[in-house]
Each structure stands twice: as structure tokens, then as C-alpha cells.
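Hi everyone, thanks for having me. Please have a look at the sequence and the model, and then I'll walk you through them.

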Amino acid sequence: MNIKDCMAAVTGGASGLGEACVRMLSGAGAKVAVFDLQEDRGGKLARELGNNVVFIKTDVTSDESTQASVNKAVELFGGLNVAINCAGVGDPGKAVSKKGPMPLSFFNRVVQINLVGTFNVARLAAEKMIRNQPQDTGERGVIINTASIAAFDGQIGQPAYSASKAGVVGLTLPLAREFAEYGIRVVTIAPKLRGLSRMKMKAKEI
Ligand SMILES: NC(=O)c1ccc[n+]([C@@H]2O[C@H](COP(=O)([O-])OP(=O)(O)OC[C@H]3O[C@@H](n4cnc5c(N)ncnc54)[C@H](O)[C@@H]3O)[C@@H](O)[C@H]2O)c1
């Protein structure tokens, strides 16, 4: 895939890994839509990087919000052939802490953002990519998800995070198999935790 021909949506694009993806793609000439909740940071980034980058406020846990954002990106760019899922939260919490059992709402929120949000974007982006004219190679698009080393080696304090990221790993193969016939790749990266010792320290505190 030629990056300068890419029409990309990057969730969590206002910060961290997502922002780095936005900068890399835009620097290589791609059109990029930043899907994030953070209007200040996302808007500032889009203004800094110029015409090929737009910020579209998006809550990846919402069907309506994400559908509207995907539609907007397709309208602005004339299509979508890259979706990068970086939106995520890594709040630590023990199943049973000094304060008592983890509130189910805490577990649910992490799973909603990290896992359900990833699937939400993947399904809506793929629906648009299927309509792309294939390149000479047959490729119509690529969906890149972000899991974590915690999907395979979760630490104390990470039951919600690890479960959500293991879910992202789990949905990768069935989606890749489903979309292969359309020339859409689905891949997932599993970065190592920045500051694992920090996470272990936090786990001791809670
Ligand atoms: N930083 C690390 O060391 C590390 C390691 C492994 C995996 N990861 C994963 O990489 C991804 C990016 O991590 P990061 O460190 O860059 O995080 P970050 O906090 O810098 O960025 C995450 C972004 O996601 C956005 N976001 C949160 N909820 C959202 C929602 N509902 N809808 C839309 N956007 C939402 C936030 O506003 C933020 O801009 C995450 O999925 C994280 O779990 C990070």
C-alpha cells in the first residue's frame, strides 16, 4: 500500500501512539481523520498538520458517533482504506482492592473502549472499504488494531485491561478471514507496556 494514497482514520489520534500514527501518515502524504474525544488536542493537531488532516470528534463506544465520523471521513476524502485503532484506556484496578470488589462499571468501561470500540470501528470501516476499487494487488484496505503484551501476560491490577486486549487479539483472526476475500487485511500489534514497573507499583497501591 502506497502511504501517500491512503485515506486513513486513526482512533485515539489526538495523543500518544495514535498521534504518532497521524503524524507519520500525514508526513508521508496521506489524508488522515483523527477520531478522538479530545477536541482541544485533536483540533490543535489538525491545525498544525494542515489540510490533509481533520479532527472529527468521535466516541468509539458509540454506534451513532462512529458511524457519523466514518461517513464524514469518506465524504471528505472520497473513501477510506486505512483504519487504525489506537483509542484505549489502561486504568489499573484489582478485582478486589482495599476498597472492595472492583465496580462492574469500571470493568465494563475498559472493555467498552478497548474491545467494543475496536470492533465498532473495524466493522464500520470495513463496510466502506469493501466498496473501494481494488488496487493492482487486489488490496482494498487495511485495519490495524492495538492490543498489548497484557493480552498474553497480564499483571496484577490488569484484569479489565488484559481481558479487553485479549479480546482484541481474539477478534483479529476471524475478521482477517472474513475480509480476506475483499482484499482487506486485519492486523493487530501488541506493544509492550511503557513503564511496566510503574503499573506494578500502582497495583500495589490499590
Ligand atoms: N503506552 C503504552 O505503553 C502502551 C502499551 C501497550 C498498548 N498500548 C495501547 O496503545 C493504545 C494507545 O495508547 P497510548 O499510550 O498512546 O494512550 P493515550 O492515552 O496517549 O491515547 C489514547 C487516546 O484514546 C482516546 N480515547 C479514549 N477513549 C476514547 C473513546 N471512547 N473514543 C475515542 N477516543 C478515545 C483518548 O482521548 C486518547 O487521546 C491504547 O489502546 C493502549 O492500550 C499502549
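This is a predicted model: local features need pLDDT of at least 70, side-chain atom pairs count only at pLDDT 80 or more; totals for chains, interfaces and linings use all residues.

**A walk through the sheet**

Residues are numbered from 1 along each chain as its sequence is written.

Strand S1 (residues 7-11) and strand S2 (residues 31-36) run parallel and are joined by 5 bridges. Thr11 also has a bridge partner in S2, namely Phe35. Two strands pair, by the way, if DSSP finds at least two bridges between them.

Now zoom out. The open sheet has 6 strands in the order S3-S2-S1-S4-S7-S8, with parallel pairing. At its edges sit strand S3 (53-57) and strand S8 (184-189), each pairing on one side only. On average, neighbouring strands are turned by 15° against each other, direction ignored. For angles like this, axes are lines fitted to C-alpha atoms, for helices over the stretch in contact, and the angles run from 0 to 180 degrees between N-to-C directions.

Is S1 covered or exposed? Mostly covered: 5 of its 5 residues are buried. Buried means that 20 or more other C-beta atoms lie within 10 Å of a residue's own; 12 or fewer is exposed, anything in between is partly exposed, and C-beta atoms are placed from the backbone. In a regular strand, side chains alternate between the two faces of the sheet. Here Met7, Ala9 and Thr11 point one way from S1, while Ala8 and Val10 point the other way.

**Helices on the sheet, and the core**

Helix H1 (residues 16-27) packs on the sheet, touching S1, S2, S3, strand S4 (82-85) and strand S7 (141-146). Its direction makes about 165° with that of S1. Touching, or contact, means C-beta atoms, placed from the backbone, within 7 Å.

The largest nonpolar core has 49 residues, and Val10 and Val34 are among those with the most contacts inside it. Helix H4 (residues 104-129) gives the most to this core, with 9 residues. A nonpolar core is a set of buried Ala, Val, Leu, Ile, Met, Phe, Trp, Tyr and Cys residues joined through C-beta atoms within 7 Å.

Which residues does Val34 contact, leaving aside its neighbours within four places in sequence? They include Val10, Leu45, Val53 and Phe55.

**Two helices together**

H4 also packs with helix H3 (residues 63-77), at an angle of about 35° and with the axes 10 Å apart. The contact is made by Asp63, Thr66, Gln67, Val70 and Val74 of H3 and Asn120, Val121, Leu124, Ala125 and Lys128 of H4.

Why does Thr66 count as buried? Because Thr66 has 23 C-beta neighbours inside 10 Å. Not counting residues up to four places away in sequence, Thr66 touches Thr58, Val60, Asn120, Val121 and Leu124.

Finally, look at Arg109 in helix H4. With 16 C-beta neighbours inside 10 Å, Arg109 counts as partly exposed.

Definitions and conventions: Helices (H or I, at least four residues) and strands (E, at least two) are DSSP runs, numbered from the N terminus. Two residues are in contact if their C-beta atoms, placed from the backbone, lie within 7 Å.
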